Amino acid sequence: MGSKIAYNFNDIEKRCEEYILNVRNQTRQMIIDAHQEAEQIKQEAFLAGKQQGLEEAQHEVEASIQSRSEEIASRSVEERLGTIYPAMQAAVEGLQNEQVNWRKTWDAMAVDICLCIAEKLIRHELKSHPESVNVMMSEALKLASGTQHIRFHMNPSDVAQLGEGTKAFITNLTGCQSCEVIEDESISSGGCFIETQHGTIDATIEAQLERISQELIIQN
């Protein structure tokens with residue numbers, strides 16, 4: 001037996017059209033939503049790219065400013081040094097020259113002090129031990145060894161110390177044939193001045209100390 005259900009084709013057709021319309025509407029809406037979403041993504045990408053570009057540009061500008069600042073600072077320092085350096089160099093040279101001059105002055109003062117002390121010690125030694133004159137005269141006469149004629153200048157107190165054997169003392173040390181002893185008040189005790197046919201020998205205390213002073217100053 002056949003089915004007793006009666007089909008209404010008009011109703012079925014209507015439902016189909018409604019379904020198709022509904023599907024079309026949903027599809028249209030999906031397309032619209034997809035376009036909107038794509039547009040949003042595009043806008044966000046544009047904003048992100050713009051922000052990235054701004055940040056990169058900012059970094060480049062900052063790097064350029066930093067490099068330019070360093071260049072200007074370096075050039076400024078070089079220009080200032082170019083002006084200051086000669087002045088500093090001149091100041092340093094001035095200080096070095098001043099140090100050298102002070103060193104020479106102090107050295108000369110030190111030498112003078114030492115020689116003053118030495119002279120006082122010599123005079124004290126001669127006063128305490130007058131016989132020391134013999135030794136000092138001997139050293140001076142050795143320099144005139146081998147000469148024929150000698151004029152020997154010395155302080156009267158030293159002549160008294162050597163006594164009557166003064167000429168023999170001179171002759172024995174120098175081997176001279178003749179000698180003349182001259183008492184001279186201008187010569188300090190302990191020193192002497194010798195004249196020979198070849199020249200003179202200044203063995204006064206003052207002259208000996210002066211020679212020592214010159215040698216010490218030259219060495220310094």
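This is a predicted model: local features need pLDDT of at least 70, side-chain atom pairs count only at pLDDT 80 or more; totals for chains, interfaces and linings use all residues.
**The nonpolar core**

The largest nonpolar core has 19 residues. Within this core, Met137, Ile150, Phe152, Ile170, Cys192 and Ile194 touch the most other members. The elements that contribute two or more residues to this core are H2, E1, H3, H4 and E3. H2 supplies the largest share, with 4 residues.

With residues up to four places away in sequence left out, Cys192 touches Met137, Ala140, Phe152, His153, Ile187, Ile201, Asp202, Ala203 and Thr204.

**Strand pairing**

Strand E1 pairs with two other strands. E1 and E3 run antiparallel and are joined by 5 bridges. E1 and E2, the latter spanning residues 178-183, run parallel and are joined by 6 bridges.

**Salt bridges**

Side chains of opposite charge can pair when their charged atoms come close. The count for this model comes to 9 salt bridges.

| Pair | N to O distance |
|---|---|
| Asp107 and Arg103 | 3.1 Å |
| Arg123 and Glu206 | 3.2 Å |
| Arg151 and Glu180 | 2.7 Å |

How many residues apart in helix H1 are Asp107 and Arg103? They are 4 residues apart, so about one helical turn separates them. Arg103 counts as exposed because its relative accessibility is 53%, where exposed means over 50%.

The salt bridge between Arg123 and Glu206 has its closest N and O atoms 3.2 Å apart. This pair links distant parts of the chain, with Arg123 in helix H1 and Glu206 in helix H5 (residues 205-219), 83 residues apart. Arg123 counts as partly exposed at 31% relative accessibility. Glu206, with a relative accessible area of 37%, is partly exposed as well.

The salt bridge between Arg151 and Glu180 is formed by their side chains. Arg151 lies in strand E1 and Glu180 in strand E2, so this pair ties together parts that are 29 residues apart in sequence. E1 and E2 are also the strands joined in parallel by 6 bridges. Arg151 counts as partly exposed, at 34% relative accessibility. Glu180 is partly exposed too, with a relative accessible area of 38%.

Salt bridges also form a network that links Arg68, Glu71 and Arg75.

Ser213 has its place in helix H5. Is Ser213 buried or exposed? Ser213 counts as buried because its relative accessibility is 5%. Apart from residues up to four places away in sequence, Ser213 touches Val111, Asp112 and Leu115.

A nonpolar patch on the surface is formed by Tyr19, Ile20 and Val23, which together have about 290 Å² of accessible area. Val23 is found in helix H1. Its class is partly exposed, because Val23 has 33% relative accessibility.

Ala57 is another residue of helix H1. Ala57 is partly exposed, with a relative accessible area of 35%. How many Å separate the C-alpha atoms of Ala57 and Asn172? The separation is 109 Å, for two residues that are 115 residues apart along the chain.

Notes
Residues are numbered from 1 along each chain as its sequence is written. Side-chain values use heavy atoms; hydrogens and water are left out. A nonpolar core is a set of buried Ala, Val, Leu, Ile, Met, Phe, Trp, Tyr and Cys residues joined through side-chain atoms within 4.5 Å. Buried means under 20% relative accessible area, exposed over 50%, partly exposed in between (1.4 Å probe, protein chains only). Contact means heavy atoms within 4.5 Å. Patches are made of residues with over 30% relative accessible area and no salt bridge: like charges are joined within 9 Å, nonpolar side chains (Val, Leu, Ile, Met, Phe, Trp, Tyr) within 5 Å. Accessible areas come from the Shrake-Rupley method with a 1.4 Å probe; for residues, only the protein chains shown count as cover. A salt bridge is a side-chain nitrogen of Lys or Arg within 4 Å of a carboxyl oxygen of Asp or Glu. Two strands pair if DSSP finds at least two bridges between them.
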